[in-house]
Amino acid sequence: MRIAFIGTGNMGGALLEGVLAAGQAPEDVHATTRSGASASALRSRLGVQTTALDADPRANRTAVDGAGAVFLGVKPWMLADTAADIGPALPDDAAIVSMAAGVDLATLTHHFPHRPVVRIMPNTPSSVGYGVIALASAPEAPAAVVDHLTSLLAGAGLVVPVGEEDMPTMIGASASGVAFFFLLAEHMVEAAVAQGLDEDTARRAVAATAEGAGRLLADTPDPAALRGAVTSAGGTTAAGIGSFEADGFADVVARAVRAAGDRSLEMEAENRAG
Ligand SMILES: NC(=O)c1ccc[n+]([C@@H]2O[C@H](COP(=O)([O-])OP(=O)(O)OC[C@H]3O[C@@H](n4cnc5c(N)ncnc54)[C@H](OP(=O)(O)O)[C@@H]3O)[C@@H](O)[C@H]2O)c1
């Protein structure tokens, strides 16, 4: 199936990288960006046809020509204009896959009437095949189309079908949530450096610790059990975790997960059409 990526920046590029690594033929992909610089960087990184809107105002319309699925990776507030631009050029049966954080299915369906519409919420580890891609489809989207998109996306990571009401939670837990892991890693590096470790060693040690923790979690998705296994009463881990708990870590995390989801709901209201 030919696919188009309209707006291929941090998230679109990561998702496309994962989809290509899983076997999508690069010659069946047409991507677009705004600037020539982004287009040439993407072309050399991923080897797909990439056209910049600055160089060709018809770039988005040309990219969707003949596409069976159109992935929208522009910023949420640009979606209405992008839909108006590509709408007349879309093949009749093209599926629309939006990754915009703040645009709900009703608004997508308003912008793309009579088309199968799917909303996804990926995260950036999609570029290395370890993404999490929450997926909610409009009720009118045929099951065969959703199944096909699900298998295409599975190359980029774990596809989690959800009802749209769970999208804000998935944003907090994985789409934005991946950055929360990076934030923890960032502060662990800072703390280690502040205590005298050289920065390169600290970064490599924390990155390897995160990778090891991730691999154990992938095998045993029970973080409390894994934590319990390394926490002896009166030991070093217990001291560190006691410090986290005394500072209200669980509440801090719960508020952050909720804040990300709440922001997505605000953005949905800002971007709502119809
Ligand atoms: N970043 C994440 O972790 C993440 C996670 C989940 C969902 N999302 C969603 O993914 C979408 C993109 O976010 P992002 O972080 O990837 O942003 P980004 O890095 O700024 O990427 C936006 C892309 O759109 C291109 N663009 C701008 N105007 C365009 C136009 N009129 N036609 C075609 N392409 C155009 C940009 O080109 P230039 O580079 O030339 O400006 C760039 O390639 C957003 O809707 C966001 O909500 C992001």
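Twelve salt bridges turn up in a search of the whole structure. A salt bridge here is a side-chain nitrogen of Lys or Arg within 4 Å of a carboxyl oxygen of Asp or Glu. Side chains of opposite charge can pair when their charged atoms come close. The model is predicted: local features need pLDDT of at least 70, side-chain atom pairs count only at pLDDT 80 or more, and totals for chains, interfaces and linings use all residues. Residues are numbered from 1 along each chain as its sequence is written, and side-chain values use heavy atoms, with hydrogens and water left out.

Start with D104 and R272. Their side chains meet in a salt bridge, 3.0 Å from N to O. D104 sits in the loop between β5 (95-98) and α5 (105-111), and R272 in the segment after α12, so the pair ties together parts that are 168 residues apart in sequence. Helices (H or I, at least four residues) and strands (E, at least two) are DSSP runs, numbered from the N terminus. D104 is buried, at 8% relative accessible area, while R272 is partly exposed, at 47%. Buried means under 20% relative accessible area, exposed over 50%, and partly exposed in between (1.4 Å probe, protein chains only).

Next come R119 and E268. This salt bridge spans 2.9 Å, N to O. R119 belongs to strand β6 (residues 117-121) and E268 to helix α12, so the pair ties together parts that are 149 residues apart in sequence. R119 is buried, with 0% relative accessibility. E268 is buried too, at 7%.

E199 forms a salt bridge with R203, and the closest N and O atoms are 2.9 Å apart. Both residues lie in helix α9 (residues 199-219), four residues apart, about one turn of the helix. E199 is partly exposed, at 40% relative accessible area, and R203 counts as exposed, at 51%. Elsewhere, salt bridges that share partners join D104, R119, E164, E268 and R272 into one network.

L184, M188, F244, F249, V252 and V253 make a nonpolar patch of about 460 Å². Patches are made of residues with over 30% relative accessible area and no salt bridge; like charges are joined within 9 Å, and nonpolar side chains (Val, Leu, Ile, Met, Phe, Trp, Tyr) within 5 Å. Accessible areas come from the Shrake-Rupley method with a 1.4 Å probe, and for residues only the protein chains shown count as cover. Helices α8 (177-194) and α12 (249-271) each supply at least two patch residues. The largest share, three residues, comes from α12. F244 is in helix α11 (residues 236-246), and F244 is partly exposed, at 37%.

Helix α8 also holds V189. V189 counts as buried, at 12% relative accessibility. The C-alpha atoms of V189 and V178 are separated by 17 Å, and the two residues are eleven apart along the chain.

Last, look at the second largest pocket. About 970 Å³ of space lies in this pocket. A pocket is an open set of points on a 1 Å grid over the protein atoms alone, where a 1.4 Å probe fits, with protein on both sides within 12 Å along at least five of seven lines; lining residues have an atom within 4 Å of a point. The lining has 38 residues, and G9, N10, G73, V74 and K75 lie nearest the centre. Elements giving two or more lining residues include α1 (10-21), β2 (29-33) and α12. By class, the lining has 18 nonpolar, 15 polar and five charged residues.

Terms used:
Points joined across faces, edges and corners; volume = space filled by probe spheres on them. Nonpolar A, V, L, I, M, F, W, Y, C, P; charged D, E, K, R; others polar.
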